[in-house]
Amino acid sequence: MFKMAARLLSRVVRLKGQRNCKYPNRSLCSVKAEDNDITKISLTDKLPGLPTPQYAKATCQSYDTHITTLDNGLRIASENKFGQFCTVGILLESGSRFEALYPSGIVHFLEKMSFGPTPLWSSKDKILQELEKVGGICDCQGSRDTLVYAASARTYGLESVMNILSDVVLRPVYPDEQIEDARQAIRFEIEAMHMDPNPEQLLVEMIHAAAYRSNTLGLPRVCPEENTDIITRQTLYSYMKGRHHPKNAVIAGVGVDHEKLVSLAQKYFVEQKTPVWLPDGEVWGKQEIETKCISQYTGGILQVEKDLSNVSLGPTPMPELAHVVFGLESCSHKDPDFIAFCVLNMMLGGGGSFSAGGPGKGMYTRLYLNVLNRHVWIENATAYNHAYEDSGLFCIHASAHPSKLRELVEVIIREIVFTTSMVYPEELNRAKRQLQSMLMMNLEVRPVVFEDIGRQVLAGSVRRTPQYYYDQIGNISERDIQRVASRMIKSKLSVAAYGSLSGLPSYEDMETAVLSKDGRLPSKQSFSFFRR
């Protein structure tokens with residue numbers, strides 16, 4: 001059968017060569033199957049009788065970000081990108097950090113009830129059906145500093161998407177049954193967070209609460225359980241009236257024509273009827289904006305004692321762990337040292353011992369080389385850098401058995417202190433290359449470009465190009481890393497601890513170790529019951 005297929009393919013090649021030949025009478029084009037059996041031709045050779053292939057040439061396309069500000073202060077930012085789909089949304093400066101004058105958890109409720117009933121659509125199902133007509137999906141994400149409503153759809157469905165976005169953002173109805181459903185969903189999420197064997201989300205909440213005690217960034221992003229029953233429709237509207245101002249918002253789009261996006265924003269976000277939280281006829285944007293909340297970094301410790309000896313979800317036992325997160329103040333994303341802190345974060349890297357090593361898993365970062373690979377009893381050591389508009393928090397999350405808690409604390413603090421004294425060129429270059437690679441690869445994804453445009457314009461009304469950040473990363477030197485590490489060490493230590501914590505050193509001892517030259521904890525004092 002193979003020989004029959006080979007002969008057939010040889011005949012096709014011969015006939016194709018004769019049809020494409022400019023000189024059909026020449027012997028070159030009269031290829032005989034028996035002389036050119038395709039099974040005897042090397043894969044590296046060109047098949048006889050076929051025209052010379054023409055390959056597409058790689059071209060470098062540059063897309064500019066266009067920004068327009070409407071009369072009411074609403075900013076429109078877009079970048080036209082080749083493709084049949086677009087991503088459009090609105091970013092609001094409306095995160096949990098702005099809930100100081102309100103019950104904590106409002107933004108969590110808004111996130112859960114997003115894309116719900118409006119005057120135009122009676123239910124979320126109706127909105128999803130409308131989006132399906134243009135191949136669209138939608139989502140809403142709340143954080144400590146922003147609330148993002150976004151949708152991706154085919155480019156010809158842009159107007160339909162903008163109509164939906166304007167209604168769900170400015171005119172949500174919030175019926176009683178929807179609010180009750182949101183309460184139940186939030187209670188379930190809180191319960192799941194406390195039952196999760198990997199308490200990463202809980203630890204992020206705890207370290208922010210310790211670092212910014214009872215203010216702005218320290219306010220809970222997850223609604224406290226005691227607030228689920230006191231947040232009402234009127235509470236939501238009152239908050240939206242104060243925060244959801246056009247000067248606090250940016251409409252961003254990727255894969256759309258800028259002029260068309262501006263005209264649709266004018267039509268649906270300005271000329272449409274009044275937002276639901278304002279009296280009829282009042283123009284959106286004429287109201288005063290609430291004053292900004294300035295974060296106050298306080299430092300401190302937050303401990304939650306809990307037995308984690310049996311957290312297995314199935315028959316396979318899991319090791320009992322105690323978790324500690326160390327935090328120090330870094331800088332905002334507007335600070336000149338922001339890029340240096342990002343490189344420092346990449347240089348420390350780390351991860352979990354379960355997947356230690358391997359391509360792309362950071363096996364050459366400091367927390368792998370100096371911590372996980374040398375101390376097999378440490379289960380996790382990971383660095384994070386949270387950057388906000390006016391502050392930042394640099395963290396290292398570490399886990400080990402409760403009996404090793406003191407040793408774990410000393411190992412991590414020594415590593416933090418070590419960054420101020422010695423940075424090797426090889427590890428720095430590796431960290432910079434990895435960060436540059438991650439930056440460029442992430443910006444190949446359309447929703448990531450959308451969020452990048454929106455957040456940059458929301459923060460400063462401009463959008464810097466990826467090449468700018470690529471070059472800034474490349475310019476970071478060893479002295480820059482040592483300088484920002486020394487700057488970080490000078491801030492007050494923040495600690496979040498979770499699990500069986502009897503072996504945790506005192507906060508004063510940990511703070512003393514951070515300020516020491518070698519990062520070692522003070523030795524334990526011995527007491528004598530006998531007088532001399």
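This passage walks through the predicted model of the protein shown above, from its overall make-up to a few individual residues.

Residues are numbered from 1 along each chain as its sequence is written, and side-chain values use heavy atoms, with hydrogens and water left out. Because the model is predicted, local features need pLDDT of at least 70 and side-chain atom pairs count only at pLDDT 80 or more, while totals for chains, interfaces and linings use all residues.

The secondary structure comes to 16 helices and 12 strands. Both kinds of element are DSSP runs numbered from the N terminus, with helices (H or I) having at least four residues and strands (E) at least two. Of the 532 residues in the protein, 49% are buried; buried means under 20% relative accessible area, exposed means over 50%, and partly exposed lies in between (1.4 Å probe, protein chains only). Among contacts (heavy atoms within 4.5 Å) with a separation of 6 or more, 78% are between residues 24 or more positions apart.

Strands of a sheet pair through backbone hydrogen bonds, either parallel or antiparallel. Here, two strands are taken to pair if DSSP finds at least two bridges between them.

E12 is joined to E7 by 6 bridges in a parallel run and to E8 by 5 bridges in an antiparallel run. Val495 in E12 has Ile301 opposite, and Phe326 likewise stands opposite Val495.

Helix H11 (residues 405-418) comes next. At 1.5 Å a residue, its 14 residues should span 20 Å, and the end C-alpha atoms are 20 Å apart, which agrees; the expected span is 1.5 Å times one less than the number of residues. Because 10 of the 14 residues of H11 are buried, the helix is largely enclosed by the rest of the structure. The buried residues include Leu405, Glu410 and Val417. Their cover includes strands E8 (322-329), E10 (378-387) and E11 (392-400), together with helices H10 (366-372), H15 (478-489) and H16 (507-515).

Two packed helices are described by the angle between their axes and the distance between the axes. For helix H9 (residues 338-348) and H12, the angle is about 110 degrees and the axes are 9 Å apart. The two are therefore roughly perpendicular to each other, given that 65 to 115 degrees counts as roughly perpendicular, under 35 as roughly parallel, over 145 as roughly antiparallel and the rest as oblique. On the H9 side, the contact is made by Cys342, Val343, Met346 and Met347, and the H12 residues taking part include Glu427, Leu428 and Met438.

Glu427 sits in helix H12 (residues 425-442) and, at 11% relative accessibility, counts as buried. Its side chain makes a polar contact with the side chain of Arg366 (2.6 Å). A polar contact is a pair of N or O atoms within 3.5 Å; within protein, one must be able to donate a hydrogen and the other to accept it, and residues adjacent in sequence count only if both atoms are side-chain atoms. Not counting residues up to four places away in sequence, Glu427 touches Met347, Arg366 and Met422.

Met113, finally, lies in the loop between helix H2 (106-112) and helix H3 (124-132). Met113 is buried, with a relative accessible area of 3%. Leaving aside residues up to four places away in sequence, Met113 touches Tyr174, Gln178, Ile179, Ala182 and Leu236. Met113 and Val168 are 55 residues apart in sequence and 9.6 Å apart in space, C-alpha to C-alpha.

Note on methods
Axes are lines fitted to C-alpha atoms, for helices over the stretch in contact, and angles run from 0 to 180 degrees between N-to-C directions.
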